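Me: I have a model open on my screen and would like to talk it through with you. Could you take me through it piece by piece?

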Amino acid sequence: MRAVLIKGGSGGVENLYIGEAPKPEIGSQQVLIQVKCFGLNRMDIAQREGRYPPPPGASSILGVEFSGVISEIGPGVEGWAVGDQVLGLAGGGAYAEYILVASTHIIKKPASMSWVQAASIPEAFLTAYQALVMIGKMQRGDDVLIHAGASGVGIAAAQLARFFGADTVTATASTQEKIDWLLKIPNGPTHAANYKTEDFSAVVKNVTNGKGVNVLIDFVGQSHFSKNLDALAVDGRMTMLAMLSGSVVEKVNLAPLLYKRLHVEGSTLRSRPAQYQADLIQQYDRVHHPHKPFTDDISRSIDSRQTHVTTFREKKGVNPLRRTFTR
Ligand SMILES: NC(=O)c1ccc[n+]([C@@H]2O[C@H](COP(=O)([O-])OP(=O)(O)OC[C@H]3O[C@@H](n4cnc5c(N)ncnc54)[C@H](OP(=O)(O)O)[C@@H]3O)[C@@H](O)[C@H]2O)c1
């Protein structure tokens, strides 16, 4: 089968090429999917650069989310048939013509959803759902702050927060262009802050009449940590998903943690046990699917992942905002 491979196993974007890889052989409880679209995530870049090895047992081919059609069913699989249209989550292997996954890691693609929309859901929306609802325990009427608001996961989190009835959703980003774009997303963030030029904790205090946010999703770590504690309301919950600015905070005042009874919890998805991922996918299927995600077909670069996509620009259907690559 054809797959996007990396010359020498790791390197810059120029090392990506489309070559031949063995078609995976089906096993029990597995389904083989003919991939229609896959999503591009920041972790793909780290993996391509050799900074993020795939979890044990996962394909070394890039790509953790996809939409496609079931082409083979393994022994013991129930409830699925060849030809079913699905979307799914994988430990790797989505940048290819075929991907093998556990039958528990796919959900049905609604006919109303495009292949691109479907491929944009699994990694981004499941991560966001986990951070916002399962860990952040977001309730209707809560105020929410989402950092890296224009990231794939950030865009998903804002849409989910609105879907689950957040009162306000403030997203942070580094440029006015991103802020303007974020505020135009239907049912996306209600407010936005440019963290380069504004104090985001002051912005959310203003938005929430001094209360602060109930739920906060952070990807930034070090540079935002103290302001995050300040931005949280009493009993506020913060989920940490990444540490894009660094992991060491030299000086921190712990008092807000105590006096505001704050919860700070980290989370991962790719390294979680298969059963956890399966339960998450099924829960997401019940509570949010088939709500259509917002995708945008404008072809301007919104962030650094564009460089990862550029090599494949000659291919059709590249969507740089959710960076879904269509065969
Ligand atoms: N823990 C988990 O379960 C999990 C799962 C999936 C993804 N992730 C992580 O979540 C993050 C987002 O993933 P993604 O694929 O959605 O990323 P993405 O679309 O590539 O977006 C990343 C965004 O992060 C912001 N950023 C980069 N460096 C920053 C810095 N130093 N300070 C502040 N913001 C910075 C950038 O926005 P601005 O220029 O506007 O700042 C950029 O748009 C990644 O770090 C990824 O590894 C974690």
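This is a predicted model: local features need pLDDT of at least 70, side-chain atom pairs count only at pLDDT 80 or more; totals for chains, interfaces and linings use all residues.

Me: Which residues of α4 are buried, and what do they pack against?
Reply: The buried ones are Gly152, Val153, Gly154, Ile155, Ala156, Ala157, Ala158, Gln159, Leu160 and Ala161. They pack against α3 (122-135) and the strands β8 (143-146), β9 (168-173) and β11 (213-218), where a contact means that the C-beta atoms of two residues, placed from the backbone, lie within 7 Å.

Me: What span should α4 have?
Reply: The twelve residues of α4 (residues 152-163) should span 16 Å at 1.5 Å a residue, and the end C-alpha atoms are 17 Å apart, which agrees. The expected span is 1.5 Å times one less than the number of residues in the helix.

Me: And what follows α4?
Reply: Glycine 165 follows α4, and its phi is positive, near 90°.

Me: Switching to the ligand, how many residues surround it?
Reply: There are 24 residues around the ligand, and the closest are Arg42, Ser151, Gly152, Ser174 and Ala242; a residue counts as near if its C-beta atom, placed from the backbone, lies within 6 Å of the molecule. Gly152 is also one of the buried residues of α4.

Me: Which helices supply that shell, and what is its make-up?
Reply: At least two residues of the shell come from each of α1 (42-48), α3 and α4. The shell divides into eleven nonpolar, eight polar and five charged residues, with Ala, Val, Leu, Ile, Met, Phe, Trp, Tyr, Cys and Pro counted as nonpolar, Asp, Glu, Lys and Arg as charged, and the others, Gly among them, as polar.

Me: Back to α3, how do its axis and that of α9 cross?
Reply: The axes of α3 and α9 (residues 274-287) come within 10 Å and cross at roughly 90°, the axes being lines fitted to C-alpha atoms, for helices over the stretch in contact, with angles from 0 to 180 degrees between N-to-C directions. That makes α3 roughly perpendicular to α9, a label for angles of 65 to 115 degrees, while under 35 counts as roughly parallel, over 145 as roughly antiparallel and the rest as oblique.

Me: Which residues make that contact?
Reply: From α3 they are Phe125, Leu126, Tyr129 and Gln130, and from α9 they are Leu280, Ile281 and Tyr284. Six residues of this contact are nonpolar, one is polar and none is charged.

Me: Where does leucine 241 sit, and is it buried or exposed?
Reply: Leucine 241 is in the loop between β12 (232-240) and α8, and it is buried, with 25 other C-beta atoms within 10 Å. Beyond its neighbours within four places in sequence, leucine 241 is in contact with Thr127, Ala131, Val153, Ile217, Asp218, Phe219 and Ser267. The C-alpha atoms of leucine 241 and isoleucine 217 are 7.3 Å apart, although the two residues are 24 apart in sequence.

Me: What about phi at asparagine 209 and arginine 261?
Reply: Most residues other than glycine have a negative phi. Asparagine 209, however, has a positive phi of about 55°, as does arginine 261, also about 55°. Asparagine 209 lies in the loop between α6 (200-207) and β11 and is exposed, with 8 C-beta neighbours inside 10 Å. Arginine 261 lies in the loop between α8 (255-259) and β13 (263-266), and it too is exposed, with 11 other C-beta atoms within 10 Å.

Me: How many helices and strands does the protein chain have?
Reply: The chain has ten helices and 14 strands, and 45% of its 327 residues count as buried.

Terms used. Residues are numbered from 1 along each chain as its sequence is written. Helices (H or I, at least four residues) and strands (E, at least two) are DSSP runs, numbered from the N terminus. A residue is buried if 20 or more other C-beta atoms lie within 10 Å of its own, exposed if 12 or fewer, and partly exposed in between; C-beta atoms are placed from the backbone.
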